[in-house]
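The sequence and the model are displayed below.

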Amino acid sequence: MKLIGVFFLSLFCVLTTMKVWAAESGSQNSTQKDEHGFSQQIQDPRYTKLPTYLIEMKDGVLIPSELVVPAKTKFRLVVKNEGSKPAEFESNQLRQEKVLFMGANTSLVITPLDVGTYDYYDDFAPTARGKITVKAQE
């Protein structure tokens, strides 16, 4: 019985480590910028009509912590909760609020914004804060 417990504990440790490595490798892609300095859009056949950006929530961490989008452009945010606890995407300035259970995702359409910064955060993890920087197109 003790051997089975050790086996499952070891398996849990290995799987947890692999999940952390996968999260780190995925987070590098989500913070890249294009040639104009805007955040990379996600390429998904479901979202072809609007520029689409991804925000991942992972147990009190927001990836990316800064999203750069063009001004005066309507866009879509796809918010995914990749963590092991529920999360709540919230932005008072954007007037958006969505609760996401583990493994859930949602899509938000954001109306054209003026140049500036707009905060977002995980209401269930108050220290997890991010911002959307809106800059003029060149």
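## Pairing of β4 and β7

Leu77 has Leu108 as its bridge partner in β7. The two strands concerned, β4 and β7, run antiparallel to each other and are joined over six bridges. The model is a predicted one.

Strand β7 spans residues 105-110 and presents two faces. Thr106, Leu108 and Ile110 form the covered face, whereas Asn105, Ser107 and Val109 form the uncovered one.

Strand β4 covers residues 75-81 and includes Asn81. Is Asn81 buried or exposed? With a relative accessible area of 1%, Asn81 is buried, because the cut-off for that class is under 20%.

The side chain of Asn81 makes polar contacts with backbone oxygens: that of Lys85 lies at 2.9 Å, and that of Leu100 at 3.1 Å. Leaving aside residues up to four places away in sequence, Asn81 touches Met57, Pro86, Ala87, Leu100, Phe101, Met102, Gly103 and Ala104.

## The five-stranded sheet

An open sheet with mixed pairing contains five strands in the order β3-β9-β8-β5-β6. Its edge strands are β3 (66-70) and β6 (96-100), each of which pairs on one side only. From one strand to the next, the twist averages 20°.

Strand β8 comprises residues 116-122 and strand β9 residues 125-135; their pairing is antiparallel, over seven bridges. Tyr121 stands opposite Arg129 of β9.

## Chain-level description

How many helices and strands does the chain have? There are one helix and nine strands, and along the sequence they follow the pattern α-β-β-β-β-β-β-β-β-β. The chain has 138 residues, of which 38% count as buried. Among contacts between residues at least 6 apart in sequence, 60% join residues at least 24 apart. The accessible surface amounts to about 8,700 Å², and carbon and sulfur atoms account for 57% of this area.

## Confidence

The average pLDDT over the chain is 80, and 73% of the residues score at least 70. Residues 18-30 have a pLDDT below 50; in the model, this stretch has five contacts beyond near neighbours in sequence.

Note on methods. Residues numbered from 1 in each chain as written. Heavy atoms only, no water. Helix = DSSP H or I, 4+ residues; strand = E, 2+ residues; numbered from the N terminus. Buried < 20%, exposed > 50% of the residue type's maximum accessible area, 1.4 Å probe, protein only. Polar contact = N/O pair within 3.5 Å; in protein donor to acceptor, adjacent residues only side chain to side chain. Contact = heavy atoms within 4.5 Å. Pairing = 2+ DSSP bridges. pLDDT = per-residue confidence, 0-100. Areas by Shrake-Rupley, 256 points an atom, 1.4 Å probe, with all protein chains shown as cover. Axes fitted to C-alpha atoms, helices over the stretch in contact; angles between N-to-C directions.
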